Every structure is written in C-alpha cells, then in structure tokens.
Amino acid sequence: MNPVLDAYREELISEIQKIDTAEFQKWIDILLDAYKNDRQIFLAGNGGSAGTVNHFVCDFGKNAVQGDKRRFRVHSVCDNVEVITALGNDIAFEEIYRFQLGNAMRPGDVLIVISASGNSPDLVNACQYAKQIGGKVVALSGFGGGKICNGADAVLATDMTSYERIEDLHLILFHMVVCWFKANQDKLA
C-alpha cells in the first residue's frame with residue numbers, strides 16, 4: 001500500500017467518472033460545427049496547462065481527422081515565447097492572449113481555455129474578447145470553475161484542488177476528444 005498513490009488514483013478515477021456527458025457533448029458539437037464551417041480553433045493556458053494545450057494541438061491537428069480529408073485549423077496562442085514575452089513586457093501580461101486573438105480570431109471561431117484556478121487574468125480577458133466578437137468558448141478548469149467559465153459555451157470543471165490531478169484530468173479530456181473524432185469520422189462529412 002502506498003497512501004499517496006492510492007489517494008491520487010482514487011481521486012482521479014472518481015473525477016473521470018464525474019465528467020459531465022452533456023458538457024462534453026457540447027464541446028464535441030462546437031468542434032464539429034467549427035469543422036463543417038471551416039472555423040479556426042485557438043487554445044490558451046498557462047504553465048502546465050500551456051504544455052497540455054500544445055500537446056492537444058499536436059494530437060488533434062494530426063489525429064482527429066483521418067485520411068486525406070481537410071484537417072482542423074487548430075492553433076496554440078501560448079507556443080511562441082518571443083510573442084508572449086514581448087506582449088507581456090510592452091503591453092501587459094493580462095493581454096498576451098487577447099492581443100494575439102485580435103490579430104487572428106474571427107466571429108464563429110472557437111477558443112478553448114484551460115486553467116487550474118479558472119481565474120487567470122490573461123485567460124479571462126481572452127474569453128471576454130472571444131465572446132465579444134461572436135466566438136465560441138470552451139472552458140476547462142479546476143477549483144470548481146472560476147471566471148473563465150462565465151459565459152462559456154461548454155464548461156468542464158472539476159472541484160479538485162490539486163494542480164497535478166487537475167492537469168491530468170484536462171489531458172485525459174483532450175485525449176477523449178481526439179479519440180471521439182477518430183471513432184466518428186462519418187460525422188465530419
């Protein structure tokens with residue numbers, strides 16, 4: 001027996017079982033709509049969540065659509081350290097994602113944000129911008145929600161407070177999305 005391992009495993013398994021099927025389906029429907037209307041999908045997160053975002057962009061862009069069909073247009077706004085640090089230094093860290101979205105996001109495009117706390121000012125501002133221009137927002141958070149969930153079109157929030165477990169759950173959710181699309185190629189027609 002290992003109490004740390006056992007507690008970790010039990011909490012994560014319990015949270016996987018609590019995933020809100022209706023909210024997950026909303027997320028899928030938003031992505032299906034984006035694909036059918038050739039919309040772009042932007043993702044943002046900080047720290048470990050930025051790593052998860054970049055991992056998803058790779059997996060989803062490569063694997064969600066099989067064969068020679070058109071792929072999703074999916075982009076991370078947290079993968080360019082030069083842009084992020086220039087914007088943080090010259091404008092404000094709270095604007096690093098909103099500024100980038102202002103250059104590229106259009107009405108109908110999708111923003112997916114992930115945050116353990118759900119309250120990171122740069123992500124909150126990005127969500128507000130996306131909604132302001134008529135974009136869709138999908139929010140993944142911990143600690144029961146947070147400001148990124150306000151007005152989001154789909155919310156997958158956990159009450160967990162362990163950053164490690166929250167980040168694990170978010171990565172699992174992203175992998176579930178990729179697997180859903182791999183198993184439902186007929187829905188992309």
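Helices (H or I, at least four residues) and strands (E, at least two) are DSSP runs, numbered from the N terminus. The model is predicted, so local features need pLDDT of at least 70 and side-chain atom pairs count only at pLDDT 80 or more, while totals for chains, interfaces and linings use all residues. Residues are numbered from 1 along each chain as its sequence is written, and side-chain values use heavy atoms, with hydrogens and water left out.

An unreviewed UniProt entry annotates residues 31–188 as "domain: SIS"; such annotations may be inferred rather than shown by experiment, and positions follow the numbering used here, with feature names shortened.

Five strands form an open sheet in the order β2-β1-β3-β4-β5, with parallel pairing. The edge strands, each pairing on one side only, are β2 (73–76) and β5 (154–157). On average, neighbouring strands of this sheet are turned by 15 degrees against each other, direction ignored. Two strands pair if DSSP finds at least two bridges between them. Two of the pairings are listed here.

Strand β1 is mostly covered, with five of its five residues buried, where buried means under 20% relative accessible area (1.4 Å probe, protein chains only). Gln40, Phe42 and Ala44 point one way from β1, whereas Ile41 and Leu43 point the other way.

Helix α3 (residues 48–63) lies across β1 (40–44), β2 and β3 (110–115), and runs at about 160 degrees to β2. Helix α6 (residues 121–132) lies across β1, β3 and β4, at about 160 degrees to β3. Axes are lines fitted to C-alpha atoms, for helices over the stretch in contact, and angles run from 0 to 180 degrees between N-to-C directions.

Helix α3 also packs with helix α7 (residues 163–183) at an angle of about 10 degrees, with their axes 10 Å apart. Therefore α3 is roughly parallel to α7 (angles under 35 degrees count as such). In this contact (heavy atoms within 4.5 Å), residues of α3 including His55, Phe56 and Phe60 meet residues of α7 including Leu171, Phe174 and Val178. By class, the contact has seven nonpolar, seven polar and three charged residues. Ala, Val, Leu, Ile, Met, Phe, Trp, Tyr, Cys and Pro count as nonpolar, Asp, Glu, Lys and Arg as charged, and the others, Gly among them, as polar.

Note on methods. Angles under 35 degrees count as roughly parallel, over 145 as roughly antiparallel, 65 to 115 as roughly perpendicular and the rest as oblique. Buried means under 20% relative accessible area, exposed over 50%, partly exposed in between (1.4 Å probe, protein chains only).
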